Amino acid sequence: MNTGLRITTFAAALAATFGAAYGVGQGIDPVVADSPPKHRDEHTRPAPEREEGGSHGGHDTPPAGGLQISEGGYTLDLDTPRVTAGKQTDLRFTVRDAGGRAVTAYQREHDKELHLIVASRDLITYRHLHPTRAADGTWSIPVDLPRAGGYRVFADFTPAGKDAENLTLGADLAASGPYRARPLAPANTTARVDGYEVKLSGAPQPGKASELKLNVSRGGKPVTDLQPYLGAYGHLVALRSGDLAYLHVHPNGEPGDGTTRPGPDISFTATAPSSGAYRLFLDFKHDGKVHTAAFTVRAGGAAAGSGTPEGHVEDGHGH
């Protein structure tokens with residue numbers, strides 16, 4: 001066989017092989033999809049495993065919330081995974097049961113059926129929202145996120161039912177636009193917001209329940225007439241820096257039960273699932289308005305940082 005014939009034969013075989021591979025490729029879905037499959041959070045990581053013995057110092061460590069998009073047979077189905085920074089968009093989502101059906105019945109906790117938290121990955125932007133539920137189970141609320149980057153959406157709720165447990169499901173949200181990374185805010189025990197000064201005493205401890213006290217003052221005078229908000233004189237959310245694990249923080253006492261008074265001190269009990277830096281967001285109500293104070297603290301070990309005591313939170317509660 002001469003050289004020209006060999007080259008022609010090889011080219012024909014190569015073309016046949018490529019054509020067969022292309023035909024197979026057309027009939028099989030790609031291994032890496034252009035978009036994530038529905039009901040799946042591509043950035044979700046499982047909650048950290050407990051250490052041997054399942055406790056720290058004799059106390060069970062609570063599982064970190066918000067790290068999973070599905071838990072206990074329920075799934076957070078985020079219909080709006082992307083928004084444009086600086087542009088108001090209707091954020092829509094549905095909570096689905098194990099059969100894929102939209103959940104339409106919830107227990108009311110802290111005066112609401114569902115609490116929606118939206119926080120940026122750098123924990124500078126924070127929103128505590130209460131969306132509206134349609135008859136078909138779809139929740140919606142307009143949002144306007146100020147900066148581009150990654151956000152985490154948390155749905156805190158308890159389905160209706162005798163044995164139902166409170167759940168916090170999380171999903172990732174992206175805001176498009178020019179992006180500039182920012183570091184975690186420095187550690188602080190004093191936050192100033194809207195003319196109020198809020199001082200924090202205590203810090204969450206890994207694997208151990210600890211008391212956090214927050215003192216509210218204005219113009220150098222203690223505020224003693226705080227108004228109830230979400231069934232208490234304050235509502236506190238704690239998020240772990242890095243993976244944004246969500247901590248359930250419980251108020252100590254309820255308005256009118258004789259164990260609390262309407263300011264200036266607000267008391268909570270919290271247990272951190274691990275050591276590390278955390279960002280605390282306190283919502284409190286006074287003169288008919290809700291305000292948000294933010295703190296950076298460390299559970300276990302050295303301080304989370306140093307610097308300004310201002311405790312700034314971008315865009316506050318967003319109610």
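**A tour by strand and core**

Start at T84, which stands opposite S176 in β12. Strands here are DSSP runs of E at least two residues long, numbered from the N terminus. The model is predicted: local features need pLDDT of at least 70, side-chain atom pairs count only at pLDDT 80 or more, and totals for chains, interfaces and linings use all residues. Residues are numbered from 1 along each chain as its sequence is written, and side-chain values use heavy atoms, with hydrogens and water left out.

Select β5 and strand β12 (residues 167–176). They pair in the parallel sense over three bridges; to pair, two strands need at least two DSSP bridges between them.

**Inside β7**

Next, pick L116 in strand β7 (residues 114–120). Is L116 buried or exposed? L116 counts as buried because its relative accessibility is 0%. Buried means under 20% relative accessible area, exposed over 50%, and partly exposed in between, using a 1.4 Å probe and protein chains only.

**The hairpin and β4**

Move to β3 (residues 70–71) and β4, an antiparallel pair with two bridges. S70 has T75 in β4 as its bridge partner. The two strands form a hairpin with two residues between them, and G72 in the turn has a positive phi of about 60 degrees. Color β4 (residues 74–78) by burial: four of its five residues are buried. Then bring in strand β6 (residues 89–96), which runs antiparallel to β4 and is joined to it by four bridges. There, L78 stands opposite F93.

**Two cores**

Finish with the nonpolar cores: sets of buried Ala, Val, Leu, Ile, Met, Phe, Trp, Tyr and Cys residues joined through side-chain atoms within 4.5 Å. The largest has 27 residues; V198, V216, L280, L282, F284 and F295 touch the most other members. Elements giving it two or more residues include β14 (196–201), β21 (276–286) and β22 (289–299). A second, separate core of 26 residues includes I69, L78, F93 and A171.
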